[in-house]
Amino acid sequence: MSIGYVAYLLLALVVVMFLSAAIRILREYQRGVVFTLGRFTGVKGPGLIILVPFIQQMVKVDLRVVVQDVPPQDVISRDNVSVKVNAVLYFRIVDAERAIIQVEDFMAATNQLAQTTLRSVLGKHELDEMLAERDKLNSDIQEILDQRTDAWGIKVSNVEIKHVDLNESMIRAIAKQAEAERLRRAKVINADGEQQAAAKLVEAGKMLAAEPQAMQLRYFEALHDIAGERSSTVVFPLPVDLLSQFLKQQGK
């Protein structure tokens with residue numbers, strides 16, 4: 001009787017081990033790449049998967065979006081400025097078969113490709129473009145990565161440049177450049193104001209010359225303004241026409 005119990009116990013143990021090796025459960029975002037005697041036989045999942053123990057093996061693949069940090073890269077821009085740039089990479093697997101069969105480690109391969117592509121693309125642009133046109137650079141890097149990883153069954157959905165680190169001397173140079181640009185704008189605006197004021201003065205002079213009485217009114221208004229000032233010095237402006245008449249009489 002004891003031998004029978006031991007036999008039943010061993011049989012039950014074998015059945016449990018067989019079922020544990022044969023039954024797999026994959027979640028909604030997982031797929032299983034199945035190999036039979038080392039040969040690819042299909043992609044299964046999600047749900048309940050039954051394998052033949054010791055004959056079939058399965059490699060799980062996650063189809064969710066992977067967020068990967070691209071380490072800081074030393075980049076020399078087209079205008080010979082050395083900067084450190086890091087980025088964030090978003091990708092997911094769209095073909096589980098190619099992701100497992102075509103490349104040994106798709107995570108490491110994608111990360112290394114992202115680093116080289118980041119240096120290659122940014123090296124073709126000047127520093128001002130790196131700082132001001134990040135959206136365009138992100139799109140260019142994403143497009144190149146998506147084309148090169150398509151053979152691995154990977155879809156690169158987005159690339160975002162996080163930081164462009166500059167050394168202290170370059171930061172000071174950029175600050176001086178910004179200050180000089182603002183001074184240039186201030187001088188241009190001041191010159192435009194002087195030009196507009198001169199045009200208005202010429203127009204006003206022509207109008208006053210057409211009516212001599214208007215000049216007298218302006219003279220009285222100027223006297224009124226001077227009288228309102230609290231000053232010990234009183235200045236009486238004389239019309240230029242009056243002085244010209246006086247000079248003509250002296251000449252005669």
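Reader: In which loop is the place of Asn 80?
Author: This is a predicted model, in which local features need pLDDT of at least 70, side-chain atom pairs count only at pLDDT 80 or more, and totals for chains, interfaces and linings use all residues. Residues are numbered from 1 along each chain as its sequence is written, and side-chain values use heavy atoms, with hydrogens and water left out. Helices (H or I, at least four residues) and strands (E, at least two) are DSSP runs, numbered from the N terminus. On that numbering, Asn 80 belongs to the loop between β6 and β7.

Reader: Is Asn 80 buried or exposed?
Author: Buried means under 20% relative accessible area, exposed means over 50%, and partly exposed lies in between (1.4 Å probe, protein chains only). Asn 80 has 68% relative accessibility, so Asn 80 counts as exposed.

Reader: What is phi of Asn 80 near?
Author: Most residues other than glycine have a negative phi. Asn 80 is a residue other than glycine, yet its phi is positive, near 60°.

Reader: Which loop holds Phe 54?
Author: Phe 54 is not a glycine but has a positive phi of about 65°. With a relative accessible area of 82%, Phe 54 is exposed. Phe 54 lies in the loop between β4 and β5.

Reader: Is the peptide bond from Gly 45 to Pro 46 cis or trans?
Author: Most peptide bonds are trans. Pro 46 is in the loop between β3 and β4 (47-50). The bond from Gly 45 to Pro 46 has omega near 0°, and is cis.

Reader: How many helices and strands does the chain have?
Author: Of the 252 residues in the chain, 24% are buried. The count of elements is eight helices and eight strands.

Reader: Which residue in β5 is the bridge partner of Val 34?
Author: Strand β2 (residues 30-36) runs antiparallel to β5, and seven bridges join them. For Val 34, the partner in β5 is Met 58.

Reader: Why is one side of β6 and of β8 left without a neighbour in the sheet?
Author: Three strands form an open, antiparallel sheet in the order β6-β7-β8. One side of each lacks a neighbour because β6 (66-76) and β8 (154-165) stand at the edges, each with a single partner strand.

Reader: Which residue in β8 is the bridge partner of Arg 92?
Author: Strand β7 (residues 82-93) and β8 run antiparallel, joined by 10 bridges. In β8, Arg 92 is partnered by Lys 155.

Reader: At about what angle does helix α3 run to β6?
Author: Axes are lines fitted to C-alpha atoms, for helices over the stretch in contact, and angles run from 0 to 180 degrees between N-to-C directions. Contact means heavy atoms within 4.5 Å. Helix α3 (residues 106-122) lies across β6, β7 and β8, and its angle to β6 is about 35°.

Reader: How many residues has the largest nonpolar core?
Author: A nonpolar core is a set of buried Ala, Val, Leu, Ile, Met, Phe, Trp, Tyr and Cys residues joined through side-chain atoms within 4.5 Å. Val 83, Leu 118 and Ile 161 are among those with the most contacts inside the largest one. Elements giving it two or more residues include β7, α3 and α5.

Reader: Which residues does Leu 131 contact, leaving aside its neighbours within four places in sequence?
Author: Leu 131 is in helix α4 (residues 127-132). Its relative accessibility is 37%, so Leu 131 counts as partly exposed. Beyond those neighbours, Leu 131 is in contact with Val 164 and Ile 174.

Reader: What kind of aromatic pair do Phe 35 and Phe 40 form?
Author: Rings of Phe, Tyr and Trp (its six-membered ring) pair if their centres lie within 6.5 Å; planes under 30 degrees apart count as stacked, over 60 as edge-to-face and the rest as tilted. The count by this rule is one aromatic pair. Phe 35 and Phe 40 are 6.3 Å apart centre to centre, with 70° between the planes, and the pair is edge-to-face.

Reader: Which residue lies over the face of Tyr 29?
Author: A charge sits over a ring if NZ of Lys or CZ of Arg is within 6 Å of the ring centre and within 35 degrees of the ring normal. At 3.8 Å from the ring centre of Tyr 29 lies Arg 64.

Methods:
Pairing = 2+ DSSP bridges.
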